[in-house]
Number of protein chains: 2
Amino acid sequence: MFIPKEELDSRRNALQEKLQVQGVDGVLLAQNMTMYYFTGTMQCQYVYMPASGLCLGLVRRNMERAAEETSVPLQRMAGFSQLPLLLAEAGHEPFRLGLELDIMPAALYLRAVKYFSCEIVDISTAVREVRQVKSEYELAQLRQAARQVDAMHRLVPEFLAEGIEELALAVELEAVLRKMGHQGISRMRSFNQEIFFGHILSGDAGGVASFLDSPTGGTGISPVQPQGPGRRIIRRGEPVSVDYGGIYNGYVVDQTRLYSVGPIKKELERAFEVALLIQEKVCEKLIPGASCDEIYQTAAAIAQKAGLSDNFMGRGDTQAKFVGHGIGLEFDEFPVLAKGSSCLLEEGAVVAVEPKFVFQSTGVVGIENVWRVCAKKPERISITPDNYLVVNHH
Amino acid sequence: MFIPKEELDSRRNALQEKLQVQGVDGVLLAQNMTMYYFTGTMQCQYVYMPASGLCLGLVRRNMERAAEETSVPLQRMAGFSQLPLLLAEAGHEPFRLGLELDIMPAALYLRAVKYFSCEIVDISTAVREVRQVKSEYELAQLRQAARQVDAMHRLVPEFLAEGIEELALAVELEAVLRKMGHQGISRMRSFNQEIFFGHILSGDAGGVASFLDSPTGGTGISPVQPQGPGRRIIRRGEPVSVDYGGIYNGYVVDQTRLYSVGPIKKELERAFEVALLIQEKVCEKLIPGASCDEIYQTAAAIAQKAGLSDNFMGRGDTQAKFVGHGIGLEFDEFPVLAKGSSCLLEEGAVVAVEPKFVFQSTGVVGIENVWRVCAKKPERISITPDNYLVVNHH
């Protein structure tokens, strides 16, 4: 088994507690990553979890591999229309069935409505709430991801040079990560959101927003891949923001560091110092029960006091309305340290805190590290030093 | 403008013809790739297309970039609930509204049901039918992608060696593609489907199926990335199947070639020859009006005659039920040369034909090339020679 049985049991118990409170009889999980989280195997399948008792994996392909990887009981199935009968035979006849409506396609939802003659409720918030709290097992994976991305950052000075394209730096760093076992694929749960390793942005490319709900975008390679590193030439004295994730056994540590060839302008250095101050003050508040909105407001107030409100987390009408986000198997997990959020932090939640300042003509400066919410103060998962690094060779 | 206005007009006209036939008043497009296809820009937006007249882009972020990239009229919007009013103000009050229900999340669909008091129909088949026929503009992109992946294949003998991991070969080839401008991200439309560059599989890893609806899977790096190249060591005399896509301006040329260090077993070489024969016979049938099911049956019959039915397109209950698939901005476009398909080929459709044979203990052998359906015989888009290559150095 790739994920220990006790770990899977504990994850199931956490969701089942919520199902019982919400009066949901069972959930039919359908998203690859959620099914992996609760079973330890990623197949062409559905997973039924009753409000109490064991899960049942309903596997189309492939049973052989699923059986090797999971301790969850398995059953073959040929298609969706079979599910109600197969579940009834296993003793499951839900009156209130939970589905992850935030990401399940409408056509599949309509099939569920047709084949299950029962009430259907959206269970996606409960699933995401369970997934946001990381276990010791998950922390061990995150710590390995932190080592991976740290090793990459230590090699940036070797590859960063005046006159090369952002893409050239990106290709070198992607190869470094892949050789250390980075899985390649970066995953986001939300519809229409995607990312390839992350954002390496120089100079005014740091000021280009994209469809991605993020403080940075970048030009990318073309309008059909309009984010991340592009063909822009890196020049002396420009900020180069390296925001690439390490991924180990699926778990991401999203991390940003600031570099340049030759020193950047004083106003950018000053903004970088403000980002570090925001990180410090935000982390003082990363404790169980803290309000995500209040944390965002704390950050925004420091930006305002520094006269940088218009540059905080983006610029103009493309500003992101958060200063940090949950991270784990996906880049966009709960909780979000967002303006107006009613969410309170839970112990064990893991967040990437990323205060950044975006200047249209000069670029982006900021920091990003991953933290675990603990009783008194957060545990830092990222291990790379925070300092801005001037590369002076060449 | 990145995509010429005439190209966008022609794409719109093609979908509008279908809308008129189907009595749909307009479609609200919501998937990034479909919106890009019809507007030439990828933003956080929705795109409304009436059954006749111009499209309207409803842009949340960012307007600046959208205006630079598209000739489609644009309007700012703040959120989904505003859409009915904004559309009514622009003269659009559909009674029958089309949505891409195959990929639109259920929660978004339910918001559409709530805010639009009209009939909602699934328009995804019409959208995919329009997108399957490629224009001269699109062919130009595909030809560049073919050059990119060809250049990669020509470097395989330089990197392939006995004793290295699949992943090591993969990292080198990924870097080659990226340096030539490959965008990194590979896109699939279908729910829960994903791919990172493709599959590089050696020996018995070629016999490992995954959740992906494909003849091959591979071990991948771990159960959380359970497809594609992994940590397996490549040995002498094993088939090494290199199935990586070239991508230029978003357009994919998916292509597979067979390599080995030292010769493979005779039975595998023979199966490879059968794959070449299937390719030849399938291509004779790639003409407008041909039945996708009949094409599949032609291929399956050759496999059967060669005594290879159990190995064709996978093995046992994990066999894929197709011999080729549409390709363009996504890896899983229409048409699918699938068993039981009622689809007839259209002139201008572009398909990746990939006859492959999978042997549990020895691996996968086969070929994949991209073709355009033309009046008398298909045009070959792939330019790499088909031959199996034995690498003998080291």
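Reader: What stands opposite Gly26(B) in β2(B)?

Author: In this predicted model, Gly26(B) faces Pro50(B) of β2(B).

Reader: How do you know that β1 and β2 of chain B pair?

Author: Two strands count as paired if DSSP finds at least two bridges between them. Strand β1 (residues 26-29) and strand β2 (residues 44-50) of chain B have four bridges, in the antiparallel sense. The pair therefore meets the definition.

Reader: Which strands of chain B form the open sheet, and in what order?

Author: Six strands form it, in the order β4-β3-β2-β1-β5-β6 of chain B. The pairing in this sheet is mixed. On average, and with direction ignored, neighbouring strands are turned by 25° against each other.

Reader: What makes β4 and β6 of chain B edge strands?

Author: The number of partners. β4 (74-76) and β6 (119-122) of chain B each have a single partner strand, so one side of each has no neighbour in the sheet.

Reader: Which strands does helix α2 of chain B touch when it packs on the sheet?

Author: Helix α2 (residues 32-39) of chain B touches β1, β2 and β3 (56-61) of chain B. Contact here requires C-beta atoms, placed from the backbone, within 7 Å. The direction of α2(B) makes about 60° with that of β2(B).

Reader: How many residues of each chain take part in the contact between chain A and chain B?

Author: Chain A gives 47 residues and chain B gives 47 residues. On the side of chain A, the elements that supply two or more residues are α2, α5 (106-115) and α8 (166-179). α8(A) gives the most, with five residues.

Reader: What classes of residue make up the side of chain A that touches chain B?

Author: That side has 23 nonpolar, 15 polar and nine charged residues. Gly is counted among the polar residues.

Note on methods
Residues are numbered from 1 along each chain as its sequence is written. Chains are lettered from A and ligands numbered from 1 in the order in which they are written. This is a predicted model: local features need pLDDT of at least 70, side-chain atom pairs count only at pLDDT 80 or more; totals for chains, interfaces and linings use all residues. Two residues are in contact if their C-beta atoms, placed from the backbone, lie within 7 Å. Axes are lines fitted to C-alpha atoms, for helices over the stretch in contact, and angles run from 0 to 180 degrees between N-to-C directions.
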